[in-house]
Amino acid sequence: MPSLLFCGPKLAACGIVLSIWGVIMLSMLGIFFSAKSAVLIEDVPFTEEDIRDDKNPPQKIYGLYNQVGINCFIAAAIYVGVGAVSLCQVRLNKRQEYMVT
Amino acid sequence: MSSLFRSEEMCLVQLFFQTESAHNCISELGHLGLVQFKDLNPGVAAFQRRFVKEVKKCEEMERILRYLEKEMVKSNIVIAATKEKEMVPCARDVLELESTFEKLEQELREINRNHAALRQNLIELMDIDSLFIAGVIKQERFPAFEKVLWRLFHGNFVLRHTEMQATEELQARGAVKKDVFIIFVQGDHVREKIRKVCEGFRASLYSCPKTLYERKQMSNSVMTQMEDLRMILRRTEEYRAGVLTRAAEHVQEWGSKVKKMKAIYYTLNLCNIDITQKLIVAEIWCPVSDLTLVQSALIKGSEQSGSSVTPVLNRIQTQQTPPTFNRTNTFTEGFQAIIDAYGVGTYLEINPAPYTIVTFPFLFAVMFGDCGHGLVMTLFAVWVISQAESLRKWKNELTDVVIGGRYIILLMGMFSIYTGLIYNDCFSKSFNIFGSSWCVRPMFHPHGPWQYVFNFFFLINVHTAPHISVWNIASNKLSFLNSFKMKMSVILGVSHMLFGVALSLVNFVHFRKFQDIFLQFVPQLIFMLSLFGYLIFLILYKWCITLRSETAPSILLLFINMMLFDYQSEHVLLYRGQVWIHIFLVLTAVLMVPVLLLVKPFLIYRTRMKTRHQVGEQNHFICFLLQVSMGDIFVYQAIHTIEFCLGCISNTTSYLRLWALSLAHAELSEVLWRMVLQVGLKISSGMGSLMLVVLFAAFAVLTVTVLLIMEGLSAFLHALRLHWVEFQNKFYEGSGYKFTPLSFDSLLKTQQ
């Protein structure tokens, strides 16, 4: 069975740090988007028509907020996966180092 | 009482000890790490000193140790680390250690030589185990034959040829000249190829040795020889590994012993040995509070060597300036290092380090001001602090700098979180924690819809929610922030400089220069307060009162008009009686300049005249030669005055870099968010999450490299410059030399 190791110890450690940061920051962003925070209005992709043609304002904008929030949560979940893969790589690297010496 | 506030009081002590106990006494002092040996033979060259041979021996031993360590690293043998304090060997053990080292080195070199020779033999044997073919060919065909063989085997063969001796018979028959050749080539499968080539060239082949049986015999003998050689090589390697492993257990211990011995011999070179060869005299600088410790260490050392006479300590008075010693611990040594990098403090001068522990991270944070970045920096610093010992093993210069400054980075990160909360900036987004204190109603007050209310409630809330979150998306954000940050920088700058001037008062009191308090400290203070203290007052006053925005006077214009005495009726004033106060303040400041410039030289002149009258005419000539001339004093005072007065303005302006860098940082962080992360957030379809994953990785990498490392280094440098130049030139002299004690701990740490 070919070795599952594809990156060195330093890259795997960077991967773990990046995924922890990604999980925390993206899930917090997701929470803030779901809470419809006003400061994040510029990050929501609304257009002029959305505001004008809205029958029941501001439900359209709220819907967009929720969509972006869900995107953030999905990205956080992907980063959990990346983190798990990096953790495996770190363990494999440690085992290989132990076997060589 | 020792503290970081001021450097320690030092004393010069003479030591007398016996030659036999010299090693032990000096080693005890080295373990203590509190004394600095003075060089009693300054005129002697390095190769003329007494113990130069012993130092050379130690260096030779170090060389052998380095060679051993290199061999161990090559063979992947782990070097055991020793933790206990080793005793320094005396002269007898030195010889034993030396012979052990030399024996080890010789053994190792011999093993390596044999190993190389055996390996060479093996390779040669492997060559013999190959095919060889002999034959005869016409001479003119030979070069082409050789070329074909080259192309076929790419040079992996050996071809030898020689002219055949022509017998008379053959010459008579007119036979063509022929060459006999022999080819050595590896591998069995090439026989067919060679046969074909030889057929093509019409060469006749003879295989030798003649019989197959002999060939087989030879091949077998070669194989057995190779097996033997391989076994010998394996045994040699095992033996070598055994030798190195046995040595590896001790190599670190030996290394530290050798380093200590070298340090002791170096120290002995600095001392004086008297005529009878029995007594060694040394002069040391040591802190007054540690004299008892030094005494007990010496007694212990002399007891160890079994000498009957205890060493004698004799404190002597001296006019020389002692070295500057600041007692630091792991937390404060980073901050002391950045102060010492500019200049080690003069003996017994006030030490700026304890204030730097707070003001340096604070000024850094004012320029860095982002709580998200501050949080990342704090976490990084916490990780470095917890892993400091294992990171030190990397022995990289960059990591050493980071490890040395780990507490500085921790404080910088924590203060950045604080200022990030004040600026309300976290990865360029803001929080809405306390709600807005902005009132819309006064905008529609009877005074008109354009009234700009920057009212009193804002100031009360300034410490709880200074920047309301909605400023973040306002389009006129920068015009508000710029004004706020510039005024804040000036306030911080003037306060920092006033603090520096106040510290000079402490120095004057300590050195009992009471005259200087009235001639230097008081005029400087009055000058600064009347001009720049008043500027701060104007800023704070304007923040507190209500004004109509279209008629509000600019503070800068007010200040310029004050200096130019330019008072016209259409200028708006902030309060009644402003004109008279301005005139009073400017006149006071201008009056301080001649006080600073002239009074001190005049007083010195007067005292000189008085002493000259008293001393009389005969000594007049000598006195004149010994004193500094009046012209020099006057020029020095003029330079000092100009530096202070003009420096006030330029230094205050220099503090505006606090505004400039914080603006740059905020803008960079916003650009990064908008150009990188927002692109991913704005995609609302399903692909948005994947794009977000990739873009977040890019955002994180760019944040760390550009915003944390580059901006962090830049803000660090600017905060450091503000301390070194603008703050310290108000009181710091920095013309001392550092106390470098003989300390085995720091010796072993630096050379590891």
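Within chain A, confidence is lowest in helix α2 (residues 48–52), at a mean of 78, and highest in helix α1, at 92; helices here are DSSP runs (H or I, at least four residues), strands are runs of E of at least two, and both are numbered from the N terminus. The model is predicted, and local features therefore need pLDDT of at least 70 and side-chain atom pairs count only at pLDDT 80 or more, whereas totals for chains, interfaces and linings use all residues. Residues are numbered from 1 along each chain as its sequence is written, chains are lettered from A and ligands numbered from 1 in the order in which they are written, and side-chain values use heavy atoms, with hydrogens and water left out.

On the surface of chain A, a nonpolar patch is formed by I20(A), I24(A), M28(A), I31(A), F32(A) and F73(A), which together have about 540 Å² of accessible area. Such patches are made of residues with over 30% relative accessible area and no salt bridge, nonpolar side chains (Val, Leu, Ile, Met, Phe, Trp, Tyr) being joined within 5 Å and like charges within 9 Å; the areas come from the Shrake-Rupley method with a 1.4 Å probe, and for residues only the protein chains shown count as cover. Helix α1 of chain A, which spans residues 9–34, gives the most to this patch, with 5 residues.

Over all chains, the structure holds 30 aromatic pairs. In one of them, the ring centres of W21(A) and F696(B) are 6.1 Å apart and the ring planes stand at 85°, so the pair is edge-to-face. Because W21(A) lies in helix α1 of chain A and F696(B) in helix α23 of chain B, this pair joins two chains. Rings of Phe, Tyr and Trp (its six-membered ring) pair if their centres lie within 6.5 Å, and planes under 30 degrees apart count as stacked, over 60 as edge-to-face and the rest as tilted. W21(A) is buried, with a relative accessible area of 15%, and F696(B) is likewise buried, at 0%. Both residues belong to one aromatic cluster, formed by W21(A), Y79(A), F427(B), W673(B), F696(B) and F699(B).

A search of the whole structure finds 22 salt bridges over all chains, a salt bridge being a side-chain nitrogen of Lys or Arg within 4 Å of a carboxyl oxygen of Asp or Glu. Among them, K300(B) and E28(B) meet through their side chains at 3.4 Å, N to O. This pair links distant parts of the chain, with K300(B) in helix α8 (residues 291–304) and E28(B) in helix α1 (residues 22–32) of chain B, 272 residues apart. K300(B) counts as partly exposed at 44% relative accessibility, whereas E28(B) counts as buried at 8%.

In a further salt bridge, the closest N and O atoms of K738(B) and D340(B) are 3.0 Å apart. K738(B) lies in the loop between α23 (687–727) and α24 (744–751) of chain B and D340(B) in helix α9 (residues 332–340) of chain B, so the pair ties together parts that are 398 residues apart in sequence. K738(B) is partly exposed, with a relative accessible area of 44%, while D340(B) counts as buried at 14%.

R392(B) and E389(B) also form a salt bridge, with 3.9 Å between the closest N and O atoms. Because these residues are 3 residues apart in helix α12 (residues 388–392) of chain B, they are separated by about one helical turn. R392(B) is partly exposed at 29%, and E389(B) counts as exposed at 56%. Elsewhere, salt bridges that share partners join E60(B), R63(B), E105(B) and R109(B) into one network.

For chain B, an unreviewed UniProt entry lists several spans as "transmembrane region", including residues 407–424 and 579–599; its positions are given in the numbering used here, feature names are shortened, and annotations may be inferred rather than shown by experiment. In the model, residues 407–424 of chain B are 94% helix and 0% strand, with end C-alpha atoms 25 Å apart. Residues 579–599 of chain B are 100% helix and 0% strand, and their end C-alpha atoms are 30 Å apart.

Notes:
pLDDT is the predictor's confidence in each residue, from 0 to 100. Buried means under 20% relative accessible area, exposed over 50%, partly exposed in between (1.4 Å probe, protein chains only).
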